[in-house]
Amino acid sequence: VKSVLVASSDGARVFTFSGTAKADVEADMSFRIAGTLKSRLVQTGDQVEPGQLLASLDTRDLTIRLREAEAQVANTRAALRNAEAIYDRARDLYENDNIARSDLDSARAAAESAAAQLRIAEQQLGNQQLQLSYARLTSPAARDIAETFVKENEHGRSAPAIVRWYAGRAHE
């Protein structure tokens, strides 16, 4: 291999290389649920702190589903109170030999079923609360925003990346 040292007339050396600079740590961030982007609060180049809100989705539909789940919990609590009261009356009547054992068993089964329905309604409420929390995208750590992808009022059917953040050694 032959090599030749080329120097400019003024004696200064200029080196030009092609390549791509890449951060040590880089990740795309997206919402866990689909929806319409209400606001993206960061731009390319912004520095963000841990827990800082990056973007949020329109929560109107999620809020309606949350209110429906809250109403369902209230409804099943009332049904449970009623079933327990019926069971208590049936137990008193059974102890005085005024109803058959099958009637008592039916009242107890209805109360147990109502209690199970309440547990299901409470789980659904918890799920709706969790879904609503997914409408907020926050920074996991101090990071620099490398790129943004979605604009306000755009709707994502899946979970497209909203922002890409990177961390150099200064943030680690």
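Trainee: How many salt bridges does the count come to?

Mentor: Side chains of opposite charge can pair when their charged atoms come close. The count here comes to nine salt bridges. Keep in mind that this is a predicted model.

Trainee: Which residue does glutamate 70 form a salt bridge with?

Mentor: Glutamate 70 pairs with arginine 67, and their closest N and O atoms are 3.0 Å apart. The two sit three residues apart in helix H1 (residues 60-95), so about one helical turn separates them.

Trainee: Is glutamate 70 buried or partly exposed?

Mentor: Glutamate 70 counts as partly exposed because its relative accessibility is 32%. Arginine 67 is also partly exposed, with a relative accessible area of 45%.

Trainee: What does arginine 91 form a salt bridge with?

Mentor: Its partner is aspartate 88, with the closest N and O atoms 2.8 Å apart. Arginine 91 and aspartate 88 are three residues apart in helix H1, and so about one helical turn apart. Arginine 91 is partly exposed at 30% relative accessible area, and aspartate 88 is partly exposed at 34%.

Trainee: Which side chain meets that of arginine 108, and where do the two residues lie?

Mentor: The side chain of arginine 108 meets that of aspartate 105 in a salt bridge of 2.8 Å, N to O. Both residues lie in helix H2 (residues 101-133), three residues apart, about one turn of the helix. Arginine 108 has a relative accessible area of 28% and is partly exposed; aspartate 105, at 30%, is partly exposed as well.

Trainee: Now the strands. What is the order of the open sheet of four strands?

Mentor: Strands of a sheet pair through backbone hydrogen bonds, either parallel or antiparallel. In this open sheet the order is E1-E8-E6-E3, and the pairing is antiparallel. Strand E1 (25-30) and strand E3 (47-48) are the edge strands, each pairing on one side only. E3 pairs with strand E6 (residues 143-148) over two bridges, in the antiparallel sense. Within that pairing, arginine 143 of E6 is the bridge partner of valine 48.

Trainee: What joins E4 to strand E2 and to strand E5?

Mentor: Three bridges join E4 to strand E2 (residues 35-40), and the two run antiparallel. Arginine 40 has alanine 55 in E4 as its bridge partner. Three bridges also join E4 to strand E5 (residues 136-138), again running antiparallel. There, leucine 53 stands opposite threonine 138 of E5.

Trainee: Why is E4 largely enclosed by the rest of the structure?

Mentor: Four of the five residues of E4 are buried, so the rest of the structure largely encloses the strand.

Trainee: How many residues does the largest nonpolar core have?

Mentor: In soluble globular proteins, nonpolar side chains tend to be buried together. The largest core here has 19 residues, and Phe31, Leu54, Leu137, Ile162 and Val163 have the most contacts inside it. Strand E4 (53-57) and strand E8 (161-167) are the elements that give two or more residues to this core. E8 supplies the largest share, four residues.

Trainee: Which residues is leucine 54 in contact with, leaving aside its neighbours within four places in sequence?

Mentor: Among them are Met29, Leu41, Val42, Val48, Leu137 and Val163. The list also includes Ser39, Arg40, Thr138 and Ser139. A second, separate core has 14 residues, including Val73, Leu80, Ala83 and Ala107.

Technical notes:
Residues numbered from 1 in each chain as written. Predicted model: local features only at pLDDT ≥ 70, side-chain atom pairs only at ≥ 80, totals over all residues. Heavy atoms only, no water. Pairing = 2+ DSSP bridges. Core = buried A, V, L, I, M, F, W, Y, C linked by side-chain atoms within 4.5 Å. Buried < 20%, exposed > 50% of the residue type's maximum accessible area, 1.4 Å probe, protein only. Contact = heavy atoms within 4.5 Å. Salt bridge = Lys/Arg side-chain N within 4 Å of Asp/Glu carboxyl O.
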